[in-house]
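Student: I have a new structure open and would like to learn how to read it. Could we go through it together, one feature at a time?

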Amino acid sequence: MSLRTKQWIIAVLGSAFLVSLLFVQWREVARVREEAGLVPPHIAVPASSESCVKCHGESSPGIIDHWKGSTHAVKGVGCVECHQADAKDADAFEHYGATIATVVTPRDCARCHVNEANEFAHSHHARGGNILASLDNTLAEVV
Ligand code: HEC
Ligand code: HEC
Ligand code: HEC
């Protein structure tokens, strides 16, 4: 191999190394800026929720804005992930080609948040509704 060829190989490898360094630095700066809140977080709308986001962006922009500002949106949890329903569910309805739940309950959250749902289910909060038909409630109303 001639000296010239060797010089060329070293030049090419050297530039490739420099380019990869610059690329990594650019990615790091973008990530840190996002984490520091200097730029809005990058949100990729999951394909299954694209139609929901598009149409509700016009009919109920507040709900879409709320979602866009959430950790769920940043982590790729779209509308369907929470609102999905089985056709047999009492609150399921056909909505523009998707079967969705009108009422998103702690059971829906439990699909992902197993520990939190478990803790909640064993808390006094979860039984709060039972007070409605109880003697405690009568007592409270009288008092
Ligand atoms: C083409 C427009 C359009 C698309 C697509 C659409 N929606 Fe809707 N959605 C509406 C409108 C308008 C309403 C309010 C009227 C109604 O209740 O039907 C609504 C109502 C709702 C409701 C409230 C129902 C109630 O009465 O409590 C939920 C929940 C909902 N949409 C979720 C979704 C989800 C999840 C998707 C995606 C799978 C979706 N929507 C796709 C237009 C749309
Ligand atoms: C983290 C779970 C979660 C995500 C993600 C989510 N929702 Fe909801 N959504 C809920 C809960 C909880 C409610 C309030 C209780 C209910 O009505 O089911 C609700 C209520 C609604 C309602 C009904 C409001 C009303 O007035 O009755 C609409 C419409 C709706 N969501 C649309 C959407 C759309 C569109 C998206 C995607 C951009 C979305 N949701 C993403 C959990 C979620
Ligand atoms: C499809 C999965 C999924 C569903 C369903 C879901 N979540 Fe989440 N949730 C996530 C992920 C992923 C995160 C981000 C966790 C992390 O960053 O460590 C998150 C984070 C959260 C956080 C922390 C937000 C923050 O800014 O730190 C709360 C609170 C939360 N979820 C509540 C709910 C509630 C309430 C429901 C039901 C109405 C629900 N989630 C449904 C996946 C889900």
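Student: Since it is predicted, what is the mean pLDDT of the protein?

Tutor: The general idea comes first: where pLDDT is low, the predicted coordinates should not be read in detail. Here the mean is 91, and 100% of the residues reach 70 or more. Among the elements, helix α2 (residues 50–59) has the highest mean, 96, while helix α8 (residues 135–142) has the lowest, 82.

Student: Back to ligand 3, then. Which residues are around it?

Tutor: The shell consists of Thr 71, His 72, Lys 75, Val 77, Glu 81, Cys 82, Val 104, Asp 108, Cys 109, Cys 112 and His 113.

Student: Which residues coordinate the iron atom of ligand 3?

Tutor: To read a metal site, find the donor atoms and then look at the angles among them. In this case His 72 and His 113 both coordinate the iron through NE2, at 2.0 Å. These two residues are 41 apart in the chain and link distant parts of it: His 72 sits in helix α4, and His 113 in the loop between α6 and α7 (114–121).

Student: And what geometry does the site of that iron atom have?

Tutor: Ideal angles for six octahedral donors are 90 or 180 degrees. The iron atom of ligand 3 has six donor atoms with angles of 87 to 179° among them, and its site is octahedral.

Student: Why is His 72 called partly exposed?

Tutor: Its relative accessible area is 37%, and partly exposed covers the range between under 20% for buried and over 50% for exposed. His 113 is also partly exposed, with a value of 37%.

Student: Let us turn to ligand 2. Which protein donor does its iron atom have?

Tutor: A single one: NE2 of His 83, 2.1 Å away. His 83 has its place in helix α5, and an N or O atom of its side chain is 2.9 Å from a nitrogen atom of ligand 2.

Student: How many residues surround ligand 2?

Tutor: There are 13, and the closest are Cys 79, Cys 82, His 83, Thr 102 and Val 104. Contacts can come from the backbone too: a polar backbone atom of Thr 102 is 2.7 Å from an oxygen atom of ligand 2, and a polar backbone atom of Val 104 is 2.7 Å from a ligand oxygen.

Student: Which residues come nearest to ligand 1?

Tutor: Of the 13 around it, these are Cys 52, Cys 55, His 56, His 95 and Tyr 96. A nitrogen atom of ligand 1 is 2.8 Å from a side-chain N or O atom of His 56, and a polar side-chain atom of His 95 lies 2.8 Å from a ligand nitrogen.

Notes
Residues numbered from 1 in each chain as written. Chains lettered and ligands numbered in written order. Predicted model: local features only at pLDDT ≥ 70, side-chain atom pairs only at ≥ 80, totals over all residues. Heavy atoms only, no water. Near = heavy atom within 4 Å. Donors = N, O, S within 2.8 Å, 3.2 Å for Na, K, Ca; no water. Tetrahedral: all angles 85-135°; square planar, octahedral: opposite > 155°, others 65-115°. Helix = DSSP H or I, 4+ residues; strand = E, 2+ residues; numbered from the N terminus. Buried < 20%, exposed > 50% of the residue type's maximum accessible area, 1.4 Å probe, protein only. Polar contact = N/O pair within 3.5 Å; in protein donor to acceptor, adjacent residues only side chain to side chain. pLDDT = per-residue confidence, 0-100.
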